[in-house]
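Subject: Structure handover

Hello,

I am passing a structure on to you. Please open it first, then read my notes alongside it.

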Amino acid sequence: MITLREEIKNLLEKAIYKAIKDKKLPDFDLSEKAQEDFWRSIIAEHPENKDLGDYASNVALRLAKILHKPSMEIAKVIAVEISRVKEVKKYFAKIEAAEPGFVNFYLSPEYLRKFIAEIIKKGDKFGDLKIGKGEKVQLEFISANPTGPLTIANGRGGFMGDVLRNIMKTAGYKAEAEYFINNSRHSNQIRELGKTILGKGEMYKSEYLSERLADFKIKFNDIEEAGMAIADEIVKDHKEKIKNKFKIKFNNWFSEQSLYDNDSVQKILLELDKIGFTYKKDGAVWLKTSERGDDEDRVLVRADGEPTYFSSDIAYHSNKFKRGYGKIINFWGADHHGHMKRLKIAMEILGYDSSKMEIIIMQLVRLIENGKEVKMSKRMGQYITLEELVDEVGLDVARFFFLMVSADRHMDFDMNLAKEKSEKNPVYYVQYACARINSVIKKIKRKKLKTVIKISRREANENLELLKHTTELNLIKKLLELLEIIEDTARDFQVQRLPQYAIELARNFHDFYAQCRVISDDKELSAARFSLILATQTVLRKVLGLMGVSAPEEM
RNA sequence: GCGCCUGUAGCUCAAUGGAUAGAGCGUGAGCUUGCGGAGCUUAAAAUCGAGGUUCAAUUCCUCGCAGGCGCACCA
């Protein structure tokens with residue numbers, strides 16, 4: 001399924017070359033590369049002002065310099081020329097030039113109406129694209145340290161990762177979610193965890209840890225064994241919450257320790273040594289990352305003989321590359337950003353294409369209540385856990401709120417608004433649209449308005465022509481936009497587009513609902529509007545489904 | 001000190017280099033003998049500052065100012 005934006009670009013290209021051939025526009029001479037860049041810079045977007053059309057293209061503005069002609073003149077020629085292309089009538093009622101040189105496209109109502117039947121027919125498959133072409137992509141997220149409860153920062157990455165995986169799948173990628181379990185017995189954190197348990201340290205002392213510990217009858221003598229056993233227990237707890245409480249799906253759980261058990265780490269260290277990128281200093285083994293632009297070299301093996309986290313991360317990521325993913329997407333907290341450069345350098349040293357690796361850095365989250373930051377948890381005496389937050393505001397709200405904000409922005413989670421179970425809360429605003437639609441559908445079915453249902457099922461759907469109210473057409477346009485939302489998000493990973501879109505869609509629906517009655521004496525019109533709300537329901541469910549937010553039938 | 005991220009309406013956030021910068025909350029004014037008023041309409045209200053690139057800058061570049069994060073033989 002090709003989006004209309006792409007179609008517009010194709011039509012523009014066709015029209016422009018035709019115009020050049022007919023000498024209505026001067027010819028231009030660009031290298032193949034320059035032409036490619038040129039077409040990439042051409043956009044077909046939705047103008048903010050609806051009077052300016054449904055799509056607008058900047059093509060004439062871009063051509064002005066190349067053709068040495070005023071952009072408005074070019075726009076006029078293109079508008080005339082493109083209107084003559086045969087397929088154009090299928091989509092547009094009008095195409096015209098506008099100052100300072102935009103080409104504006106107005107969708108035809110017929111084209112819009114046809115989509116209603118298509119949406120209903122496709123059902124939850126509507127929105128599925130093929131742009132991924134089945135390419136394998138991997139997303140790794142959360143990967144929390146098994147030393148304490150899952151945090152709200154884990155939640156931000158977890159929900160974003162989960163949703164991006166859904167989107168990549170819908171866009172036609174073969175997307176897998178993986179969780180990296182930080183359970184290496186060689187790590188300091190496992191030792192510190194063991195020490196904490198045995199009362200020989202208190203780095204990870206917490207209410208949470210005491211709770212896990214209560215389940216253990218045996219006494220540990222060995223620090224490492226104690227650390228490993230409790231880490232396992234914590235991982236189990238994380239897994240269970242992730243699956244059942246936060247509804248985040250993973251395809252694989254990858255154990256860090258397994259990289260030691262099968263000698264992957266040792267092999268990587270040997271390989272790096274063989275390439276000549278390591279050296280010994282002060283009893284430690286170093287990787288010459290500074291030769292590839294890092295500020296300094298990094299330690300691979302500590303003086304005590306234990307490999308660092310950097311080593312196992314190199315082993316882990318080269319393992320990912322060997323599995324043949326076209327894209328390797330990682331969600332990391334802002335406190336890890338320093339690690340990004342050296343990991344990419346290490347991958348390059350090993351000969352992998354580090355541009356396939358996308359690391360999304362998430363800035364920190366603060367909880368704000370009554371204008372103040374809430375830091376302390378009532379129960380745990382430490383930071384508020386993700387579980388507490390979800391218990392407090394509900395999963396739908398938690399997911400929606402985390403998704404609303406772009407990853408690279410510091411996020412203030414508004415507890416007051418989140419806890420507001422009313423029209424004030426944007427989540428309920430969207431869900432209310434679902435409930436309203438469901439209520440009307442139920443009413444139509446209960447009243448046995450069989451004629452309405454029957455008419456709405458007609459293949460020809462000539463009754464859809466009755467949909468001509470502005471709010472009806474605007475709603476259809478918004479339904480269509482889902483395809484672009486999915487396409488864009490699969491390309492740039494900006495998942496905040498989804499909640500934004502869901503709000504806009506709900507708004508268009510509520511607007512329609514306030515203006516147009518679905519059930520009326522006019523059976524034909526009722527049937528047409530019935531089709532429209534069925535299509536709206538499909539799209540609402542789809543977008544909420546992608547976000548992992550429920551679409552309630554009643555509230 | 002160095003590196004990364006961020007400064008948009010009173011608050012929380014949007015805005016693939018485009019035309020009049022959008023939402024929600026809050027504030028003001030309205031709308032219903034009918035499908036769920038948890039709705040709709042409407043008003044006031046914003047790009048941190050100074051330069052630069054561009055036909056066009058919230059967006060790109062430089063320099064300030066402010067906030068967050070990082071700068072381990074921790075993970």
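Below is what I found, going from the whole chain down to single residues.

**Overall**

This is a predicted model. Chain A has 555 residues, and 40% of them count as buried. Its C-alpha trace spans about 80 × 65 × 40 Å along the principal axes. The chain holds 22 helices and 15 strands. Take the contacts in chain A with a separation of 6 or more: 74% of them join residues 24 or more positions apart.

**The parallel sheet**

Look for an open sheet of five strands. Their order is β7-β6-β5-β11-β12, and the pairing is parallel. At the edges sit β7 (252–255) and β12 (357–362), each of which pairs on one side only. From one strand to the next, the twist averages 25°. Strand β11 (residues 327–333) is joined to β12 by six bridges. Trp 332 has Ile 361 in β12 as its bridge partner.

**The helix across it**

Helix α7 (residues 152–170) lies across β5 (136–140), β6 (174–181), β11 and β12. It runs at about 155° to β6. The 19 residues of α7 reach 27 Å from first C-alpha to last, close to the 27 Å expected at 1.5 Å a residue. Of those 19 residues, 18 are buried, so α7 is largely enclosed by the rest of the structure. Gly 172 follows α7 and has a positive phi, near 105°.

Strand β3 (residues 92–98) runs antiparallel to β4, and six bridges join the two. Ala 98 has Phe 102 in β4 as its bridge partner. Three residues lie between the strands of this hairpin. Pro 100 is in that loop between β3 and β4. The peptide bond from Glu 99 to Pro 100 is cis, with omega near 0°. Gly 101 in the hairpin takes a positive phi near 150°.

**The RNA surface**

Several elements supply at least two residues each, among them α3 (59–67), β4 (102–107), α8 (188–197) and α14 (337–349). The others include β15 (411–414), α18 (426–446) and α21 (497–515).

**Two loop residues to check**

Lys 23 has a positive phi of about 60° although it is not a glycine. You will find Lys 23 in the loop between α1 (4–21) and α2 (32–40). Phe 493 is not a glycine either, yet its phi is positive, about 65°. Phe 493 lies in the loop between α20 (470–492) and α21.

Is each of these buried or exposed? Lys 23 counts as exposed because it has 8 C-beta neighbours inside 10 Å, and exposed means 12 or fewer. Phe 493 counts as buried because it has 21 C-beta neighbours inside 10 Å, and buried means 20 or more.

Best wishes

Key:
Residues are numbered from 1 along each chain as its sequence is written. Chains are lettered from A and ligands numbered from 1 in the order in which they are written. This is a predicted model: local features need pLDDT of at least 70, side-chain atom pairs count only at pLDDT 80 or more; totals for chains, interfaces and linings use all residues. Helices (H or I, at least four residues) and strands (E, at least two) are DSSP runs, numbered from the N terminus. Two strands pair if DSSP finds at least two bridges between them. Axes are lines fitted to C-alpha atoms, for helices over the stretch in contact, and angles run from 0 to 180 degrees between N-to-C directions. Two residues are in contact if their C-beta atoms, placed from the backbone, lie within 7 Å. The expected span of a helix is 1.5 Å times one less than its number of residues.
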